[in-house]
Amino acid sequence: MKIQNNLTLSSSVQYLPGVGPKKAELLKKYLNIQTLEELLYFFPYKYIDKTRFYTIKEIYQQEAHVLLIGKIIDYQEIKSEKSERLIGRLLDKNYDIIELIWFNNYEWVQKKFPPGSLVVVSGKPTYFYLTMNFVHPEIELYDIFIKNYIPCLEPHYSLPEKLKNNNINSKFFRKIISYIFENLKTIDDPLPSYIIERNNLLPLYDALKLIHFPENLEQLKEAKKRLKFEELFYSQIPVIKAKIERESNNNGIVFLRNKDRIVKIVYQNLGFKLTNAQIRALREIRQDLESGKQMNRLLQGDVGCGKTVVALFALLMAVDNGYQSCLMVPTEILAKQHYNNITNLCKGTNVRIALLTGSTREKEKREILFFLKEGLIDILIGTHALIEEKVEFSNLGLIVIDEQQRFGVAQRAKLWKKSNNNPHVLVMTATPIPRTLAMTLYGDLDLSIIDEMPPGKPKIITQHYPHSKRKQLFDFVKSKIKEGDQVFVVFPLIYESEVLDCIDIKNGIQLYQQYFPPEEYKILTIHGDLPTSEKDEVMLKFLNKEAHILMSTTVIEVGIDIPNATIIIIENAERFGLSQLHQLRGRVGRGKKTSYCFLVTPNNLSPESLKRIEVITSTTNGFVVAQKDLELRGPGDIAGLQQSGFLFNFKIAELSSDENFINLAKNEAIDFLRNYSLTDFPLLYNKIKPYIESFENWGKIG
Ligand code: ADP
Ligand code: MG
């Protein structure tokens, strides 16, 4: 086959030696790799440290993959009903011993490496109780290993089985990538050279080469620095650009505080004092509304911290200034609850409030739409129904969106279009987002945080119960039901193909009925597939105390207040993300009584799962939970944020730990946009284009 020598980044991988059409197709299908550039940007997920040999003492508490030289002492086979395993003991030159473990199909090991063999083992030490071991290590006879030994950090690529079965493995990647670097001698660097120089970054060519083939950790670090920086820089440009544009735009509606009239009346109606955090958030909102610039603010705070009141005062500021405002929430039932609360609080004022949801009757709806257009409604509360074509405001001045993560971009954009003004925008979320994440994800939003709970909130006790202690748990739950309390039980959404260790809602009902017989206990169920109206019906029944127990999948995550429910049992809690568990826990503790969150899991949990359960049982602070979630599982798993688009496709930047790089990239992006135009940097523009295309511009009006 003729090999193409004039390689460029946009060359197809198909023409690399050893690839061909079939493998090229597979690379495209499974990894979305078609060009050399895409291949080079497919980074190793780990490196095996083959720069030197370690001793057992040195690898203690070391996280990296390492090489060990030692002699096999002996083997022991352990067979049980569940598994078979082989444990080999390896002795190093200091007479320290480590265990090597293989599960099933390990006959070859003893044959190839009989006791007495001098071997080289590579792997990552794991800890089982107090002993350290290597599970399924790579192993080779020392004599053979040393012949081919080149000290390096050996790159390994995360590949689906389908590819490995077609001989597309890490070795294959190493081969074709090193071919590229032998034949491609330069790469044009899209980053402006002044940025590279003043931040001491590697040129792109060097960075890409060293990310795949670092000789030592120092080089790897430098390569990562450059690639993390560029990724963050590219992604920050559209965010910062939107913010600069919004801030330079002086056509925001001005709400004046000396017009406060209704605000003052409602404040009297409140019956409680605002917390300091609520006052601070209101002050920040107030400053925006007075500034002459369009507000684009995210109000963040744990479930129950009192965001609604803050939102209400913002809505009333609009009313006092003669503007209409609206509050959009994700569920019908929540809309009703807000409508009732707000109507109550506005007693004694002449504020005209309307509720518009999917189930509003036709006639009433026509009236609402008419009044709205005529400017005879001040505050419109509702669900998605608010963004239907027919809904027209006369002078919309403020939009508040509750639980914003529940709405898609398209839906938000529609609401924006409902105004000829530049309405202020306040989005609220109970999913606390760690600072680093907020900085990138919501870079163009200003952030207010309510980090304080209203006084008099009941305590929520969180406990972990393995299956084996279920009876004990249920006895306690029964005693609480006797006192008149109600109970949520939540199951993860389970599909049949998944592991057997999980209880789904169907089996769960049977299990619960054994302990809670139907003659004595009424159980309601609710799951995601039910139509909204039925879901709401069930929730209302539960609110009216028509059942003791409500069993559900996670649909109750964002739900109405059921103050009488003091217990939430989360089945297979190990299957939920931390933030999701935290969110669910927020369903209780809404009344006056001490409440309980019980996390039920299988008896045996992996150390990672245990760690996560421990996070939840040890703190009720949503920000701590979110930070841990980010550290343990990465940003894609934070509840509700999955749909937030491009910022989760970072290839190399780590939002949990790269705060410094984020700051650096952000500052450079600000500086760049102040001084240059993207159009003068075509290469850079090409890199940034995909980010611009997928950027959700929150403040943008249609
Ligand atoms: P969330 O932030 O989850 O939306 P809510 O706004 O629903 O929280 O408030 C939760 C409950 O706390 C409501 O019943 C509300 O009336 C009450 N609340 C809010 N602020 C205060 C406060 N400063 N003092 C006492 N109770 C408050
Ligand atoms: Mg709320």
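Reader: Which backbone oxygen does the side chain of Tyr205 reach, and at what distance?
Author: That of Leu184, at 2.6 Å. Keep in mind that this is a predicted model.

Reader: Where does Tyr205 sit?
Author: In helix H9.

Reader: Is Tyr205 buried or exposed?
Author: Tyr205 counts as buried, because its relative accessibility is 13% and the cut-off for buried is under 20%.

Reader: What else is Tyr205 in contact with, leaving aside neighbours within four places in sequence?
Author: Phe181, Leu184, Lys185, Thr186 and Ile187. Take Lys185: Tyr205 and Lys185 are 20 residues apart in sequence, and their C-alpha atoms are 8.2 Å apart in space.

Reader: And helix H9 as a whole, how many of its residues are buried?
Author: 7 of the 9 residues in H9 (residues 204-212) are buried, so the helix is largely enclosed by the rest of the structure. The buried ones are Leu204, Tyr205, Ala207, Leu208, Leu210, Ile211 and His212.

Reader: What do they pack against?
Author: Helix H2 (36-40), strand E1 (46-54), strand E9 (153-156), H7 and helix H10 (217-248).

Reader: Which residues of H1 are buried?
Author: Gly20, Lys23, Ala24, Leu26, Leu27 and Leu31. Seen down the axis of H1, they fall within an arc of 160°, so they line one face of the helix.

Reader: Why would spaced-out residues end up on one side?
Author: An α-helix has 3.6 residues a turn, so residues three or four places apart point the same way.

Reader: What's on the face of H1 turned away from the buried side?
Author: The exposed residues Pro21, Lys22 and Lys29.

Reader: How does the span of H1 compare with what it should be?
Author: It agrees. H1 has 12 residues (20-31), which at 1.5 Å a residue should span 16 Å, and its end C-alpha atoms are 16 Å apart.

Reader: What follows H1?
Author: Asn32. Its phi is positive, near 60°.

Reader: Switching to the ligand. Which residues come nearest to ligand 1?
Author: There are 15 residues around ligand 1, and Lys273, Gln278, Gly304, Lys307 and Thr308 come nearest.

Reader: Which polar pairs should I look at?
Author: Start with Gln278: an N or O atom in its side chain is 2.9 Å from a nitrogen atom of ligand 1. Then Lys307, where an N or O atom of the side chain is 2.8 Å from a ligand oxygen atom. For Thr308, a polar side-chain atom lies 2.7 Å from an oxygen atom of ligand 1.

Reader: How much of ligand 1 does the protein bury?
Author: 76% of the 560 Å² that ligand 1 exposes when taken alone.

Reader: Which helix gives the most to the shell around ligand 1?
Author: Helix H13 (residues 307-320), with 3 residues.

Reader: Next, Gln324. Where is it found?
Author: In strand E11 (residues 324-328). Gln324 counts as buried, at 2% relative accessibility.

Reader: What about Leu86?
Author: Leu86 is in strand E3 (residues 84-91) and counts as buried, at 0% relative accessibility. Beyond four places in sequence, Leu86 touches several residues, among them Tyr75, Gln76, Trp102 and Val109.

Reader: Last one, the overall picture. How many helices and strands?
Author: 25 helices and 22 strands. The chain has 702 residues, and buried residues make up 52% of them.

Reader: What share of the contacts joins residues at least 24 apart?
Author: 74%, among contacts between residues at least 6 apart in sequence.

Key: Residues numbered from 1 in each chain as written. Chains lettered and ligands numbered in written order. Predicted model: local features only at pLDDT ≥ 70, side-chain atom pairs only at ≥ 80, totals over all residues. Heavy atoms only, no water. Helix = DSSP H or I, 4+ residues; strand = E, 2+ residues; numbered from the N terminus. Expected span 1.5 Å × (residues − 1). Buried < 20%, exposed > 50% of the residue type's maximum accessible area, 1.4 Å probe, protein only. Arc of directions from axis to C-beta. Near = heavy atom within 4 Å. Polar contact = N/O pair within 3.5 Å; in protein donor to acceptor, adjacent residues only side chain to side chain. Areas by Shrake-Rupley, 256 points an atom, 1.4 Å probe, with all protein chains shown as cover. Contact = heavy atoms within 4.5 Å.
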